[in-house]
Amino acid sequence: MYFESHAHYDDERFDRDREALLKALPDYGIDFVINSGADLKSSYAGKELSQKYDYIYFAAGVHPHELYHMTDETLEKIRQLTKHRKCVAIGEIGLDYYYDTFSREEQKFWFKEQLKLAQQVNIPVIIHSREASQDSFDIIRQSDVRKGVIHCYSGSVEMAQEYTKMGFFIGIGGVLTFQNAKKLVEVAKNVPIESILIETDSPYLTPVPNRGKRNDSRNLEYIVKKLAEIKAMTPFEVANITLKNGKKLFFL
């Protein structure tokens with residue numbers, strides 16, 4: 001019923017109950033989960049989770065905040081991970097200017113290198129972009145990558161529409177339920193449901209009514225309900241179409 005397109009179940013906040021929680025998710029209608037990498041350690045952890053649970057798949061990549069040990073050797077290790085049968089994307093990769101943990105030039109360089117790798121191995125990308133909408137868009141447009149999702153989308157309606165024209169999906173999560181989410185609501189209104197993926201970004205960005213608590217994929221239902229309200233559809237229709245979208249993008 002639900003396709004969870006972005007979660008981090010390797011995160012330490014799940015250490016106390018990870019196994020019980022993940023075993024229970026199918027009972028809540030969670031059919032697929034993409035566990036997204038942030039560095040090599042989390043990418044390998046995602047691989048291990050995917051081998052333990054049939055419905056979990058993983059993405060391998062290095063987040064712009066985690067470039068501490070990024071080298072060509074790191075890229076090669078990511079390439080090797082993509083050979084695993086349950087690795088479905090490179091990600092999450094991109095730009096983050098909110099904290100500027102690393103210089104913008106360094107972020108751009110490794111973003112481009114990971115995009116090149118995605119093109120070479122012919123799998124989708126999961127894009128992280130925070131306070132860097134235009135630079136992220138320009139780099140993606142100048143690349144040859146045309147398969148992926150813009151995770152936790154925060155840009156304009158017009159840019160979202162341009163992304164969908166290029167073949168990308170727009171990732172929408174718990175922020176949609178927040179009171180101050182007017183811009184994202186407009187994006188949800190104006191982007192076709194056939195170009196939207198749902199996500200929780202667990203353990204982050206928990207939707208209303210559970211905001212403030214640790215997030216997990218069981219909260220997808222609140223995102224779906226809000227999206228259905230915006231699109232004048234039923235929750236079942238939204239869940240079903242976004243499920244098909246996820247399977248299409250990640251070849252599942």
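These legends describe close-up views of a predicted model.

**View 1**
Eight strands make up an open sheet, with parallel pairing and the order 1-2-3-4-5-6-7-8. The edges are taken by strand 1 (2-7) and strand 8 (196-198). Each of these two has a single partner strand, so one side of each is left without a neighbour in the sheet. On average, neighbouring strands of the sheet are turned by 30° against each other, direction ignored. Strands of a sheet pair through backbone hydrogen bonds, either parallel or antiparallel.

**View 1. The pairing of strand 1 with strand 2.**
Strand 1 runs parallel to strand 2 (residues 30-35), and four bridges join the two. Within this pair, Ala7 stands opposite Asn35 of strand 2. Strand 1 is also one of the edge strands of the sheet.

**View 2. The largest pocket.**
The largest pocket has a volume of about 1100 Å³. It is lined by 36 residues, and those closest to its centre are His63, His128, His151, Asp201 and Tyr204. At least two lining residues come from each of helix 2 (40-52), strand 4 (87-96), strand 5 (125-130) and helix 7 (182-190). By residue type, the lining of this pocket divides into 16 charged, eleven nonpolar and nine polar residues.

**View 3. The largest cavity.**
Across the whole structure, a search finds one cavity of 30 Å³ or more. The largest cavity holds about 60 Å³ of space. Its lining consists of Ser129, Ser133, Ser136, Ile150, His151, Cys152, Tyr153, Ser154, Gly155, Met159 and Tyr163. Helix 5 (133-142) and helix 6 (157-166) are the elements that give two or more residues to this lining. Six of the lining residues are polar and five are nonpolar, while none is charged. His151 belongs to the cavity lining and is also listed among the residues closest to the centre of the largest pocket.

Glu73 and Lys77 form a salt bridge, with 3.7 Å between the closest N and O atoms. Both residues lie in helix 3 (residues 72-81); because they are four residues apart, about one helical turn separates them. Glu73 is exposed, at a relative accessible area of 52%, whereas Lys77 is partly exposed, at 34%.

**View 4. A salt bridge between Asp100 and Arg104.**
The side chains of Asp100 and Arg104 form a salt bridge in which the closest N and O atoms are 3.3 Å apart. Asp100 is partly exposed, with 33% relative accessibility. Arg104 is partly exposed too, with 39%.

Lys225 and Glu221 meet in a salt bridge, with an N to O distance of 3.4 Å. The two residues sit four positions apart in helix 8 (residues 220-231), about one turn of the helix. Lys225 has a relative accessible area of 44% and is partly exposed. Glu221 is likewise partly exposed, with a relative accessible area of 28%. In another part of this view, Arg16, Asp17 and Arg214 are joined into one network by salt bridges that share partners. The count of salt bridges in the model comes to 17.

Note on methods:
Residues are numbered from 1 along each chain as its sequence is written. This is a predicted model: local features need pLDDT of at least 70, side-chain atom pairs count only at pLDDT 80 or more; totals for chains, interfaces and linings use all residues. Side-chain values use heavy atoms; hydrogens and water are left out. A salt bridge is a side-chain nitrogen of Lys or Arg within 4 Å of a carboxyl oxygen of Asp or Glu. Buried means under 20% relative accessible area, exposed over 50%, partly exposed in between (1.4 Å probe, protein chains only). On a 1 Å grid over the protein atoms alone, a cavity is a set of points where a 1.4 Å probe fits but cannot get out, and a pocket is an open set with protein on both sides within 12 Å along at least five of seven lines; lining residues have an atom within 4 Å of a point. Grid points are joined across faces, edges and corners, and a volume is the space filled by probe spheres set on the points. Ala, Val, Leu, Ile, Met, Phe, Trp, Tyr, Cys and Pro count as nonpolar, Asp, Glu, Lys and Arg as charged, and the others, Gly among them, as polar. Two strands pair if DSSP finds at least two bridges between them. Axes are lines fitted to C-alpha atoms, for helices over the stretch in contact, and angles run from 0 to 180 degrees between N-to-C directions.
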